[in-house]
Amino acid sequence: MTSDNDRRRGLLARLRGGRPAARSRGRRRLGAAFRLIAALTLAGGAYTVFAPGVQAQENPPLTGAAAEGKALFDVSCVSCHGRNAQGVEGRGPSLIGVGSASVEFQVSSGRMPMARQEAQAARKPPVFTDDEVRQLGQYIQALGGGPQIPEGDLRHDANLSTGGELFRINCSQCHAFGGGGGALSSGKYAPSLRPASDRQIYAAMLSGPQNMPVFGDNQITPAQKADIIAYIQETLKHDQDQGGFSLGRYGPSTEGLAIFLIGIVALVFASLWIAGKS
């Protein structure tokens with residue numbers, strides 16, 4: 001009887017001893033939940049305090065030229081490129097990070113705004129003046145940075161011989177040896193370089209429009225870019241056809257075709273003349 005009582009007392013003691021342990025575990029869990037809530041509250045408060053600063057960095061105050069560019073953008077570009085130049089699916093790509101060089105090339109050459117969606121934007125008379133083009137470029141530059149065209153003479157102290165060599169290595173495959181351009185795949189083409197200005201050529205090398213690769217300063221240095229521009233402007237754009245007719249300056253294909261046709265016609269007439277004499 002005594003042993004049964006002892007066992008009951010021991011069981012009760014164990015049960016009573018387990019209650020504080022269960023209570024301590026509950027308190028620890030409650031304390032952990034409280035600490036987690038406090039940490040989240042502090043994080044939310046810190047975000048609320050510093051969020052205006054972050055937003056100010058994402059939307060920096062615009063200079064006079066950039067502010068005027070934004071006004072032009074909101075009127076002429078926002079429908080395709082979005083209110084913040086983030087792009088609109090099916091209409092126009094994002095302009096964040098393309099830099100003022102890309103804007104200046106596309107807008108100054110009349111390729112933008114596009115008249116309609118095509119395989120490639122064709123060159124047209126520009127819609128904006130040179131000052132407006134610079135303003136649009138400054139606005140896009142302020143939004144996300146990117147490559148810029150340096151100021152000043154872009155072909156100062158250029159070497160025409162080096163420029164010709166660089167052009168034949170890097171550019172002639174698409175633009176042809178005479179700079180007249182050529183056809184590419186999927187309805188695209190390399191345009192003629194004859195109407196391009198110094199800044200447009202430099203901007204094209206920096207931004208790589210359409211199928212053109214990007215030639216950054218690591219691939220072609222600014223001095224080499226100046227050499228290429230000088231070669232295009234001072235050599236290719238001047239009529240220096242020592243052989244006579246230029247045949248569009250499309251290279252050996254047109255020359256070979258012309259020689260073949262002229263040669264065949266000459267041979268036919270020569271054969272008829274010989275036959276008539278005999």
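## Largest pocket

The largest pocket holds about 730 Å³ of space. A pocket here is an open set of points on a 1 Å grid over the protein atoms alone, with protein on both sides within 12 Å along at least five of seven lines. Volume is the space filled by probe spheres set on the points. This is a predicted model: local features need pLDDT of at least 70, side-chain atom pairs count only at pLDDT 80 or more, and totals for chains, interfaces and linings use all residues. Residues are numbered from 1 along each chain as its sequence is written.

The lining has 32 residues, each with an atom within 4 Å of a point. His-81, Pro-93, Leu-95, Gln-106 and Met-112 lie nearest the centre. By class, 17 are nonpolar, 12 polar and 3 charged. α4 gives the most, with 4 residues.

## Second largest pocket

This pocket has a volume of about 450 Å³. Its lining counts 31 residues, with His-175, Pro-191, Leu-193, Ala-204 and Met-212 nearest the centre. Two or more residues come from each of α6 (160–170), α7 (172–175), β2 (189–190), α8 (198–207) and α9 (222–236). α8 supplies the largest share, 4 residues.

## Chain

The protein chain has 10 helices and 2 strands. Helices are DSSP runs (H or I) of at least four residues, and strands (E) of at least two. The pattern along the sequence is α-α-α-α-α-α-α-β-β-α-α-α.

Of the 278 residues, 29% are buried, that is, under 20% relative accessible area with a 1.4 Å probe, protein chains only.

Methods
Side-chain values use heavy atoms; hydrogens and water are left out. Buried means under 20% relative accessible area, exposed over 50%, partly exposed in between (1.4 Å probe, protein chains only). On a 1 Å grid over the protein atoms alone, a cavity is a set of points where a 1.4 Å probe fits but cannot get out, and a pocket is an open set with protein on both sides within 12 Å along at least five of seven lines; lining residues have an atom within 4 Å of a point. Ala, Val, Leu, Ile, Met, Phe, Trp, Tyr, Cys and Pro count as nonpolar, Asp, Glu, Lys and Arg as charged, and the others, Gly among them, as polar.
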